[in-house]
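Student: I would like to go through the side-chain contacts in this model. Can we take them one by one?

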Amino acid sequence: MVTAEATGDRQQEQISSVTAADQVQVRFHTRQTKYAVTDAAILVPARLRRYGLSEIINHLLELSTPVPFDFLIDGKFLPHRTSLSQYLESNGLSSENVLELEYVEASLPPSEAAKWEHDDWVATVNASRTSSLVLSGSYDTCARIWDRSGNCRAVCKGHRGPVKAVAWIEEASASKSLDEETKLQFVTGDGKDGTVFAWEYDTAAATTKISYECVGHAGAINAIAVSHDKSQFATASWDSSILLWSTDAEDVEENQGDGRAKRRKVGQDSSASGSVPAKRALKRLTGHVGAVSSIVYQRTQGNALFSGGWDHSVRVWDVETGSGSSSMNCERVVLAMDHSSVNGLLVTGHSDPVIRIWDPRATEGLVVKLGLHGHKNWVSSVAWSPSSAYTFTSGSYDSTIKVWDIRSTTPLYSLSGTGGEKSAKVFAVDWAADWIFSGGEDAEVRCFTAKGGQSSA
């Protein structure tokens, strides 16, 4: 066994002032090989918290620039204000045992980098995973396309009510400049009359046009999701149904409805004119009682679609057959959900306001694996980190955005989602690459950098 004196003079001074009864044996290990230290047991003061333990690792590594670390015991983070002795006592453990401590580089708190003003509340935001473009939908009846420099590249006019759902279908290639001629496809949903439009965006000309209208819903659109392979998208509505649509822009027909789509003229930012072709749904999924508030496709390979509604249920659908494969009721209305391509877990936001983590792969069916408490009002939106198996972000009517790690029972960070307006609600969050985006009652899309260490790796 290595004594703690070997970790350096500072640690030696700390330990010399305590008795053997005030010390505990720990064994450090990490999955980050560049920060690996000896795996021999070390005697350290039991009063040490995260900061003191981090100092020991830094000294063992002889780092010229200090690196902050977080520590996990049995796969759960040691709270920053909890000492080793407090942990042992609360878990009924003896200080005579060797405590296994996994350490990871701590992530830096997200910082606000920019905000993009709108004319009214921002209801939804969707960032491209392959380019710098961001879609937003607003209560001013418009959708907007932004680049991450804050330039509004297009304003999409056509809806009569608030645009409460947007989603990219065909995204720009990361290897291409946005000034090169590329035709991109995206979808918007009206949060009042249930209109769904598919659009084409010309990146070089910075113009948009409506490609077709999706005809079939009888209520407001709450959510839009695009399949992993981009072959179809789904819409969720207050009319209790989910409709599945092909993304093939040629699979349309003349709109023979009430003439509304024919009379509808595309706004000044579009090159389209005249009538708008209609698209009919591939399938209608029914089963929810009341509004369907959220949907997301399985982000890995598979045929599953997840949905949540005001009937307190989370459902799993087979999009090939159009049938529901499982359903689970929880205590409160389901307001938001997202599926992780990294860990396969489902996260949901609710009105209680608890965040719930589900494992759709569980043999016993949909069961809540974890409940996280921290928000003080409805959790309106959630989004997994695209690169982490552990972290996600949430937005709430309590005006905050929180960043979570499922290995901790408390949020890692809490951010103001409304610029200090405590009465303003956050309606939407999204996470793409190293950026978190949000929108809400402050009529702004806020952009946060989410770079940092590897506590979420």
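Student: How many salt bridges does the structure hold?
Tutor: This is a predicted model, and side-chain atom pairs count only at pLDDT 80 or more. On that basis, the number of salt bridges is 20.

Student: Which residue meets Arg-299 in a salt bridge?
Tutor: Arg-299 sits in the loop between β20 (292-297) and β21 (304-309), and its partner lies in strand β24 (residues 334-339). The N to O distance is 2.6 Å, and the partner is Asp-338.

Student: Is Asp-338 buried or exposed?
Tutor: The cut-off for buried is under 20% relative accessible area. Arg-299, at 33%, counts as partly exposed. Asp-338 has 6% relative accessibility, so it counts as buried.

Student: Which residue of the loop between β23 (323-329) and β24 is linked to Arg-356?
Tutor: Arg-356 lies in strand β26 (residues 355-358), 25 residues apart from this partner. Their side chains meet in a salt bridge at 3.1 Å, N to O. The partner is Glu-331.

Student: What is the N to O distance between Asp-352 and Arg-356?
Tutor: Arg-356 has 6% relative accessibility and therefore counts as buried. Asp-352, at 25%, counts as partly exposed. Their side chains meet in a salt bridge, and the distance is 2.5 Å.

Student: Now the rings. Why does the pair Trp-116 and Trp-146 count as stacked?
Tutor: The structure holds 21 aromatic pairs. In this one the ring centres are 5.2 Å apart. Planes under 30 degrees apart count as stacked. Here the planes meet at 15°, so the pair is stacked.

Student: How many residues apart in sequence are the parts that this pair ties together?
Tutor: Trp-116 is buried, and so is Trp-146. Trp-116 belongs to strand β6 (residues 111-117), and Trp-146 to strand β9 (residues 142-147). The separation of the parts is therefore 30 residues.

Student: Which lysine lies over the face of Tyr-397?
Tutor: Tyr-397 belongs to an aromatic cluster with Trp-121, Tyr-139, Trp-238, Trp-310, Trp-378 and Phe-427. The lysine is 5.5 Å from the ring centre of Tyr-397, and it is Lys-425.

Student: Over which ring does the charged end of Lys-279 sit?
Tutor: The charged end is 4.6 Å from the ring centre. A charge sits over a ring only within 6 Å of that centre, with a limit on the angle as well. The ring is that of Tyr-212.

Student: Which element gives the largest share of the largest nonpolar core?
Tutor: This core has 24 residues, and those with the most contacts inside it are Val-26, Phe-28, Leu-84 and Leu-101. Elements giving two or more residues include β1 (23-29), α3 (84-90) and β5 (99-105). The largest share is 4 residues, from α2.

Student: Which residues does Leu-101 contact, leaving aside its neighbours within four places in sequence?
Tutor: The contacts include Arg-27 and His-29. Also among them are Val-26, Phe-28, Leu-53, Phe-71, Leu-72, Ile-73 and Leu-84.

Student: How many residues has the other core, with Ala-143 and Trp-199 among them?
Tutor: This core lies apart from the largest one. Phe-186 and Val-276 are also among its residues, and the count is 16.

Technical notes: Residues numbered from 1 in each chain as written. Predicted model: local features only at pLDDT ≥ 70, side-chain atom pairs only at ≥ 80, totals over all residues. Heavy atoms only, no water. Phe/Tyr/Trp six-rings, centres within 6.5 Å; stacked < 30°, edge-to-face > 60°. Buried < 20%, exposed > 50% of the residue type's maximum accessible area, 1.4 Å probe, protein only. Lys NZ or Arg CZ within 6 Å of the ring centre and 35° of its normal. Salt bridge = Lys/Arg side-chain N within 4 Å of Asp/Glu carboxyl O. Core = buried A, V, L, I, M, F, W, Y, C linked by side-chain atoms within 4.5 Å. Contact = heavy atoms within 4.5 Å.
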